[in-house]
Amino acid sequence: MPDLEPLGALQTFDVSGNQLAGLLPSLGALTNLQEFSVFDNQFTGPIPSLAGLARLTRLDVAGNQLTGGIPSLLETPNLIRLSLYSNQLSGTIPPLAQLTALEALAVDDNQLTGGVPDLSALVNLVNLSMSRNHLDGSLPPVTTLVNLQFYFALENDFSGPLPDLAGPKALVYFEVDSNHLTGSIPDPSTQPHLQWFTVGRNQLTGGIPDLSSLTDLHGFIANDNALTGPIPALTPLPHLVFLLVGTNQLTGEIPSLEGLNELQILKVGGNQLTGPVPLPPSPSSLTPGSSQLCSNSLTPSGSTAWDVATGVSPWYSTCDFLFDDGFDLAS
């Protein structure tokens with residue numbers, strides 16, 4: 001890329017999606033620069049120093065092959081959008097407390113390590129995306145992040161408890177699958193606009209909380225934990241598409257699915273559930289071969305309603321049966 005220093009008055013530089021390669025240029029002389037975007041190219045090497053770029057509001061270098069660390073952000077206090085995802089960046093996330101105008105922080109799909117710096121001052125943050133790195137320590141709290149809508153921290157090395165969800169006014173996505181998280185699932189009732197809540201493949205304990213206030217919920221995923229107790233009522237969730245709570249220690253019966261006409265996948269296998277299986281929603285949107293009911297100690301039945309949805313015929317052939325005297329498979 002050519003030298004940009006003669007363009008000292010430049011305010012916007014955007015060459016996104018042009019298959020450009022090579023190193024990123026020095027930006028030190030562009031003191032009027034407000035937006036710098038090289039998204040979706042083939043640039044390599046480090047992100048240049050941002051010193052002197054006090055007017056910079058947008059830095060988007062996502063979708064390249066950049067290496068090295070994230071440069072200091074101490075001289076870019078007006079940043080609104082910081083998009084660094086889908087590169088090969090390493091090292092730690094630098095201090096962010098001075099970025100009080102920041103609305104989007106996206107560092108997904110890199111090789112970042114260490115903990116997440118203090119985010120409590122980022123009261124304008126809407127999107128926090130840091131999945132698929134090697135970040136560790138505790139998940140950042142959201143108490144002061146009143147504008148937060150998207151919280152993505154999948155596939156890292158985070159440990160400790162889930163954060164208290166009180167704080168954001170309109171949280172929509174909360175996804176922290178595949179970490180080393182412990183403790184219980186916090187009360188989600190403070191987030192009535194929540195659509196996706198995914199905490200699968202962790203080490204969570206306790207029960208599944210009441211979900212009845214989450215009338216916009218599309219997906220609840222908590223498989224592969226150590227959750228106990230019953231599956232709560234689902235009928236208040238008319239937009240539920242995915243319910244994945246398999247491989248836990250859940251007990252009781254599968255609750256009614258009446259009115260869940262958008263439900264596509266139900267996976268409850270690998271628990272200690274008992275009793276009869278409820279009828280599928282009618283009309284049903286269940287995806288053939290995608291649901292799982294067994295292994296559980298569910299009551300066998302001659303009904304074929306679940307054969308297509310589970311892809312197993314009969315659906316109960318892999319269940320652990322608790323037979324009653326006088327059981328008649330044809331009944």
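In which sense do strand S21 and S23 pair, parallel or antiparallel, and over how many bridges? Strand S21, which covers residues 249-252, pairs with S23 in the parallel sense, and the pairing runs over two bridges; two strands are taken to pair if DSSP finds at least two bridges between them. Within this pairing, Gly252 stands opposite Leu273 in S23.

The structure is a predicted model, in which local features need pLDDT of at least 70 and side-chain atom pairs count only at pLDDT 80 or more, while totals for chains, interfaces and linings use all residues. Residues are numbered from 1 along each chain as its sequence is written, and side-chain values use heavy atoms, with hydrogens and water left out.

## Overall build

The secondary structure of the chain comes to one helix and 24 strands, where helices (H or I, at least four residues) and strands (E, at least two) are DSSP runs numbered from the N terminus. Taken along the principal axes, the C-alpha atoms of the chain fill a box of roughly 90 × 40 × 30 Å. Of the 331 residues in the chain, 46% are buried; buried means under 20% relative accessible area, exposed means over 50%, and partly exposed lies in between, with a 1.4 Å probe and protein chains only. Among the contacts with a separation of 6 or more, 24% are accounted for by residues 24 or more positions apart, a contact being heavy atoms within 4.5 Å.

The pairing of S21 and S23 belongs to an open sheet of four strands, which stand in the order S19-S21-S23-S24 with parallel pairing. Its edge strands are strand S19 (228-229) and S24, each of which pairs on one side only.

## The disulfide

The structure has one disulfide, counted as a pair of cysteine sulfur atoms within 2.5 Å. In general terms, a disulfide is a covalent bond between the sulfur atoms of two cysteines. Here the partners are Cys294 and Cys319, whose sulfur atoms are 1.7 Å apart, and with -75° about the S-S bond the link of Cys294 and Cys319 is left-handed. Cys294 lies in the loop between strand S23 (272-275) and strand S24 (297-298), whereas Cys319 lies in the segment after helix H1 (307-310), so the pair ties together parts that are 25 residues apart in sequence. Cys294 is buried, with a relative accessible area of 6%, and Cys319 is also buried, at 9%.

The loop between S23 and S24 also holds Ser284, which counts as partly exposed at 42% relative accessibility. The side chain of Ser284 reaches the backbone nitrogen of Leu286 at 3.2 Å. The C-alpha atoms of Ser284 and Ile185, which are 99 residues apart along the chain, are separated by 29 Å.

## Salt bridges

The structure holds three salt bridges, each being a side-chain nitrogen of Lys or Arg within 4 Å of a carboxyl oxygen of Asp or Glu.

| Arg58 | Glu35 | 4.0 Å |

Elsewhere, salt bridges that share partners join Glu35, Arg58 and Asp60 into one network.

## The nonpolar core

The largest nonpolar core has 85 residues, and those with the most contacts inside it are Phe36, Tyr151, Phe174, Phe220 and Leu293; such a core is a set of buried Ala, Val, Leu, Ile, Met, Phe, Trp, Tyr and Cys residues joined through side-chain atoms within 4.5 Å. Leaving aside its neighbours within four places in sequence, Phe174 is in contact with a set of residues that includes Tyr151, Leu162, Leu194, Trp196 and Phe197.

Notes:
A polar contact is a pair of N or O atoms within 3.5 Å; within protein, one must be able to donate a hydrogen and the other to accept it, and residues adjacent in sequence count only if both atoms are side-chain atoms.
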